[in-house]
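Have the model open in your viewer and follow along. We will stop at some ring pairs, then at a pocket.

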Amino acid sequence: MTRKDFEDFLHQRKQLIIAAAKVCFSRSGFHGASMAEMSAESGLGAAQIYRYFSSKELLVIETVKVIATEWRTFLENKLSQQPQVSDIIDRDSVFWQGWSIKDQCLLLEVYSEASRNASVRDILAEQEQQLIAMLDNVFQQREPQATAEQRFNQIHFLLLLIDGVACRTFVDDGLDQQELARLSTILSQHLLP
């Protein structure tokens, strides 16, 4: 086996373990999921998992990196398509296609973990800064007359809106659609260039 083949094998094993961890973490949370559960989900023995990740904490951190990167990439893709505010607010719109309930559960778990784990907070902050930089470029091209402060405020409010919709999906089934449409119109005038 060549060195490249060996490195590919290691990478594939790590990806297999992270994929299994994501399933378990979405079901049971970071603290509720056990290594035995992840072992069963991945089809690998616990000793094999520990060969790649020396602790559950390290597996959590590596999984958070994957989830945070996927979230940033998802948002970069969707926001570069010039969505309407109404699409962002409507959890059933095309904007949200590709971000599954499992992904939502994981994202909520990551945000929750960030409240008590500085390493997770740092990972999220790094991905958010990359997203903000990309959005700043997009907003600057679409609205060249806007000041840096105006773009900053628009971007941060937009991210608050998106995070809020992503997190509230589980509890807000009965929203007044007329009021939602009214608010969407107001936000559209001020939020997305």
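Helices (H or I, at least four residues) and strands (E, at least two) are DSSP runs, numbered from the N terminus. The model is predicted: local features need pLDDT of at least 70, side-chain atom pairs pLDDT 80 or more, while totals for chains, interfaces and linings use all residues. Numbering starts from 1 along each chain as its sequence is written, and side-chain values use heavy atoms, without hydrogens and water.

**Rings**

Select the aromatic residues. There are eight aromatic pairs (Phe, Tyr or six-membered Trp rings, centres within 6.5 Å; planes under 30 degrees apart are stacked, over 60 edge-to-face, the rest tilted). Go to Phe25 and Phe30: this pair is edge-to-face, 4.8 Å centre to centre, with 70° between the planes.

Next, select Phe95 and Trp96. Their ring centres are 5.1 Å apart and their planes at 75°, so this pair is edge-to-face. Phe95 is buried at 3% relative accessible area, and Trp96 is buried at 2%.

**Pocket**

Which helices each supply at least two residues of the lining of the second largest pocket? Select helix 4 (56-79), helix 7 (118-142) and helix 8 (148-168). Helix 7 gives the most, with five residues. Among the lining residues are Trp71, Arg72, Tyr111, Glu128 and Asp163.

Notes:
Buried < 20%, exposed > 50% of the residue type's maximum accessible area, 1.4 Å probe, protein only. 1 Å grid on protein atoms, 1.4 Å probe; cavity = no way out; pocket = protein on both sides within 12 Å on 5 of 7 lines; lining within 4 Å.
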